[in-house]
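Thanks for coming. Please have a look at the slide first.

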Amino acid sequence: GREIALTHPSRDTLQHLGSWGLLAGHEVGTICEAQVHDGPLGQHSALQLSTPQTPEGAAPGALGFIVPNHALRRTAYAVAARTPGVQIVTQAQVTRAATLAGHAELDYVPAGTAGAPPQRLTAPLLVAADSRFSATRRQLGIGAQMTDFGRTVIVCRMRHTEPHADTAHECFGYERTLAVLPLPDDDAGHPQCSVVVTAQAADAARLMALEPTAFTAEVQAQFQHRLGDMELIEQRHAYPLVAVYAQRFTGPRCALLGDAAVGMHPVTAHGYNLGLAGVERLTQALEAARQRGQDLGDAAALAPYARAHHLHAWPIYQGTNAIVRLYTDARPLPRLLRQAVLQGARHLPPLKAAIVAINAADQAQEKGRAEAPQTTRQRNLTARRILAGVKKIAGAGMRTFTDDKTVYANFESLVSKAA
């Protein structure tokens, strides 16, 4: 029920792991352009984002790729199953996770053995990656900062009559948000897209209760029929929208990965990519520890991963949440501020360049992780500067931002330096 947007470094990681080559051709889509719309579609011109350069092996101008979540899971399972030394235990219930001075322990009850005594696994290191609501994280004594947006996200696939031109759309309406993501054509050559609707809980419940044709009509209307006639072709799935950031990514003989470490709001499509970046960083830290003959569960061995992943994820997490708060606030002043940000990006080339540059810098930094420390600091400095600028706009208010030449000049200078 979900599609995952992947950056070029994430694609490279999956290629290295061997799972990318197991994906079928019809499972890999390309995103060549992204358009950001504020308010009712067509009321304001969209902010268009694209990349002028073509990374090696990518389609011309590709921003990234889009792949079904079930296909990523299937191929990851296939690679793990054929990897020597890997034992896969499925449908088991974890009853206890603990760390001791010399090792970590995990107790579980295998599927179909209810009432049987738990079985125990021991290892130098326990890694938890069991969702943003991780029960293992809690058992390990690691808390998390949770941001409940009070909204529900609905995802589904639709077929349509007009081509999507490999363009993704993010439509920030005043009542709900609509994302339309391009997918490969179906077997009959019909264009398809992934539709993501974010709405208040009551509105989401109403949308989920609608008949398929009525639901499709609402999506078509919000998207101004730009893709022609649309048809719901798969079941709708609804998820509560909660962002999560763990208080720490490592502890004595334990580490967190994926959504258990950072659970992102989907609007910037960073979640899965952050998870893969975390896998890369933790692997590098453990490999370095192994080469030094160090205990893999030692705090010093895990510290480089925790530090690097926090420096990478924290600005993205905070920046995404700031964008979400601004673009889901339907009050009059935030509406004006939303346009101020988009108009600023449209009329101040440095800001528009900076928005694309954050993604490009993120990908470049991931591409060269082996020499990343300085790049990481520079990239995060850029992200913090831009985030600080957005906060200044929101904090000053629309009138102060537009009328106070000093505030405006400071922001223009800020984004110029960032770019």
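A helix here is expected to span 1.5 Å times one less than its number of residues. Helices (H or I, at least four residues) and strands (E, at least two) are DSSP runs, numbered from the N terminus. This is a predicted model, where local features need pLDDT of at least 70, side-chain atom pairs count only at pLDDT 80 or more, and totals for chains, interfaces and linings use all residues. Residues are numbered from 1 along each chain as its sequence is written, and side-chain values use heavy atoms, with hydrogens and water left out.

Start with helix α2, residues 69-81. Its 13 residues should span 18 Å at 1.5 Å a residue, and the end C-alpha atoms are 18 Å apart, which agrees.

Which residues of α2 are buried? Buried means under 20% relative accessible area, exposed over 50%, partly exposed in between, with a 1.4 Å probe and protein chains only. They are Ala71, Leu72, Thr75 and Val79.

Next, Thr152, in strand β10 (residues 144-160). Its relative accessibility is 17%, so Thr152 counts as buried. Leaving aside neighbours within four places in sequence, its contacts (heavy atoms within 4.5 Å) include Val197, Ala204 and Tyr239.

Last, an open sheet of three strands runs β9-β17-β16, with mixed pairing (strands pair if DSSP finds at least two bridges between them). β9 (126-128) and β16 (250-251) stand at the edges with a single partner strand each, so one side of each has no neighbour in the sheet.
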